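Biologist: I'm new to this one. Could you walk me through how to read it?

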Amino acid sequence: MRCLRRARRFGVVAPYLSGYNRAIPARAVKPMDFSLTAEHEMVRKTVQDFARREVAPIVREWDRKHDMAPHILPRMGELGLLGLCLPVRYGGQGMDYLSLGLACEELEAVDSTLRVVMSVHVGLNSLGLFQWGTEEQKQRFLVPQARGEKIAGFALTEPGAGSDVASIRSSARREGQDYVLNGEKTWISLASKAHHVLWFARTDPHPADPHDGITCFLLETDRPGVTRGDHHGKLGVRAGSTGWIHCQDVRVPAANRLGEEGEGFRIAMACLDNGRYTVAAGAAGLIRACLEASVRYAQERQTFGKTIAHHQLIQAKIARMVRDYEAARLLYLRAGWMKNQGLRNTRETSLAKWYATDAGFTAAAEAVQLHGAYGYSDEYEVERHLRNAKGEMIYEGTSEIHLLIQAGYALGFRRDMPLRCELPAYDPDIWHAEA
Ligand SMILES: Cc1cc2nc3c(=O)[nH]c(=O)nc-3n(C[C@H](O)[C@H](O)[C@H](O)COP(=O)(O)OP(=O)(O)OC[C@H]3O[C@@H](n4cnc5c(N)ncnc54)[C@H](O)[C@@H]3O)c2cc1C
C-alpha cells in the first residue's frame with residue numbers, strides 16, 4: 001500500500017487538486033455539499049484497506065494480550081496517517097480535516113485502538129502544536145511527529161482532576177532559562193509509547209480564577225526525572241496503551257513552553273476541539289461496524305423457523321443503528337467542514353462527540369444482544385466494540401460534561417471567546433507547498 005502523499009503525487013487525486021478546492025480562497029465559506037472528493041475517497045479506501053487487511057486479522061490476539069502490536073505505530077507512520085492533515089512543509093500529507101475524520105471512521109470500524117492513536121497523536125497533540133506552536137517548535141517537534149518518527153501524547157488528566165481541569169495540581173516553577181516540572185498524570189493514552197507529550201501544569205498556584213495560571217509544555221519523555229508505565233486491567237482499548245507519567249524535578253527549557261504562561265487551559269480546550277472531532281468520527285465507525293456485524297448475523301441465525309432478520313424486534317435494533325450511524329456521520333462531517341473553513345466549532349464538535357459516543361455504546365450493546373450468547377464472546381467483534389464504546393463516553397469530556405456544554409450554549413450561559421491562535425483554515429495551496 002502506498003503512502004498517501006505518494007499516491008497523490010502519482011496522480012490518484014489529481015483531478016480534485018486541480019479543480020474545485022483550489023479555486024476557493026482561504027477562509028471563504030463554501031455552500032453545503034455532501035459529496036466526498038476523489039481525494040477523500042482515496043484516503044477512506046487506503047485506510048479501510050489497511051484496517052481490514054492488516055489490523056482486523058491481529059486485533060483479537062493483541063486485545064487478549066492487553067498490549068499493542070509493536071509494528072502498528074511504525075506502519076501508521078509509513079502510511080502517512082500520523083501526519084495526515086498537516087501541511088507537507090511540516091512533514092504531513094497535506095490532506096484536509098475531513099480526511100482526518102474519514103480516516104478515524106475507517107480505523108474504528110475495525111477497532112478503537114488505532115483511532116485512539118489518531119486522536120492523541122494527531123488530534124490532541126499535533127494539531128494543538130500546529131495551532132499554538134512557534135515555527136521553531138513546529139520544526140523541532142511537529143515535523144518528526146507528522147513523519148511518524150516520534151509519537152506524541154497529551155497529558156492533562158491527573159489522579160485528582162479529570163472533568164475539572166482547572167483543579168490540576170502539577171506544577172511548573174521558573175528557574176532562569178528553564179522550568180522545573182513536578183506532578184503526576186494518569187489515564188494518558190500512549191503514555192509508555194510517546195516520545196513527546198503536551199504537559200499541563202500550574203505556573204501560578206493561586207490565581208484569582210483557577211482556569212488561569214495553567215501553562216502547557218512540550219515535554220520529551222526521555223528527560224531525567226520522567227517515569228511512566230501502563231495501566232493494566234482496562235475494560236477496553238486493550239490493544240492500546242493507557243498509563244501514567246510522573247515528573248520529579250524535570251527541567252525543560254523555556255523554549256519548550258507552548259503558548260504564553262497562563263494560556264494552558266485555553267490551549268487544552270482548543271486541543272480537545274480537535275481530539276473530540278476524531279472521537280466523534282471514530283464512534284460513527286464503531287456504529288457502522290455494529291450495524292454491519294448485526295446485519296450479517298441476523299441474516300444467518302435462525303430461530304422459530306426463520307432468520308432472526310425476519311423478527312420485527314431485530315429489525316428495530318438494526319433500524320436504530322442505521323439512524324444513529326447516519327446522524328453521527330453528518331454531525332462529524334459538519335464539524336470537519338467547519339474546521340476546513342476556519343470556523344470555530346467547539347459547540348458542533350462537542351455535539352458530534354456526545355451524540356456519536358452515546359449512540360455508539362447503545363449500538364454496541366444492542367449488537368451484543370442481537371448476537372445472543374455469541375455476542376458475549378470475543379469470537380465476535382461486537383463484544384470488543386461494547387467494551388471500547390464505554391471508554392468513549394468517558395474520555396475527551398464525559399457524556400455528562402458534553403450535556404452541560406450543550407445546555408450552556410442553548411441557555412446562553414456559554415459562548416466562545418476568540419483565541420489568540422486559531423486552527424488555520426485548510427488551504428490546499430498552503431498545505432501542499434513544499435516549503
Ligand atoms: C481509555 C482512556 C484514555 C484516556 N486518555 C487520556 C489522555 O490521553 N490524556 C488525558 O489527559 N486524559 C485521558 N483520559 C482521561 C479522561 O479524559 C478522564 O477520565 C475524563 O476527563 C473524566 O475524568 P475522571 O475520570 O477524573 O472523572 P471525574 O471527572 O471524576 O467524573 C466522575 C463522574 O462524575 C461526572 N461529573 C463530573 N463533573 C460533573 C458535573 N459538573 N456534573 C455532572 N456530572 C459530573 C462525570 O461525568 C463522571 O461520570 C483517558 C481516559 C480513558 C478511560
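**Domains, ligand and a helix pair**

Modeller: Keep in mind that this is a predicted model.

Biologist: How many residues does the contact take from domain 2 and from domain 3?

Modeller: Domain 2 gives 14 residues and domain 3 gives ten residues. On the side of domain 2 that touches domain 3, you'll find nine nonpolar residues, four polar and one charged.

Biologist: Now the ligand. Which residues come nearest?

Modeller: There are 22 residues around the ligand, and Leu156, Gly162, Ser163, Thr398 and Glu400 come nearest. Strand 1 (152-155), strand 3 (178-189) and helix 12 (399-411) each give two or more residues to that shell. Domain 2 and domain 3 each supply at least three residues. By class, the shell has eleven nonpolar, eight polar and three charged residues.

Biologist: Helix 12 again! At what angle does helix 10 cross it?

Modeller: Roughly 140°, with the axes of helix 10 (residues 346-370) and helix 12 coming within 9 Å. Angles over 145 degrees would count as roughly antiparallel, so this pair is called oblique. The crossing of helix 10 and helix 12 is left-handed.

Biologist: Which residues make the contact?

Modeller: Among them are Arg347, Leu351 and Trp354 of helix 10, and His402, Leu403 and Tyr409 of helix 12. The contact residues divide into five nonpolar, five polar and three charged.

Terms used
Residues numbered from 1 in each chain as written. Predicted model: local features only at pLDDT ≥ 70, side-chain atom pairs only at ≥ 80, totals over all residues. Near = placed C-beta within 6 Å. Helix = DSSP H or I, 4+ residues; strand = E, 2+ residues; numbered from the N terminus. Nonpolar A, V, L, I, M, F, W, Y, C, P; charged D, E, K, R; others polar. Domains from an automatic or database assignment. Axes fitted to C-alpha atoms, helices over the stretch in contact; angles between N-to-C directions. Parallel < 35°, antiparallel > 145°, perpendicular 65-115°, else oblique. Left-handed = near helix turned anticlockwise from the far one by under 90°. Contact = placed C-beta atoms within 7 Å.
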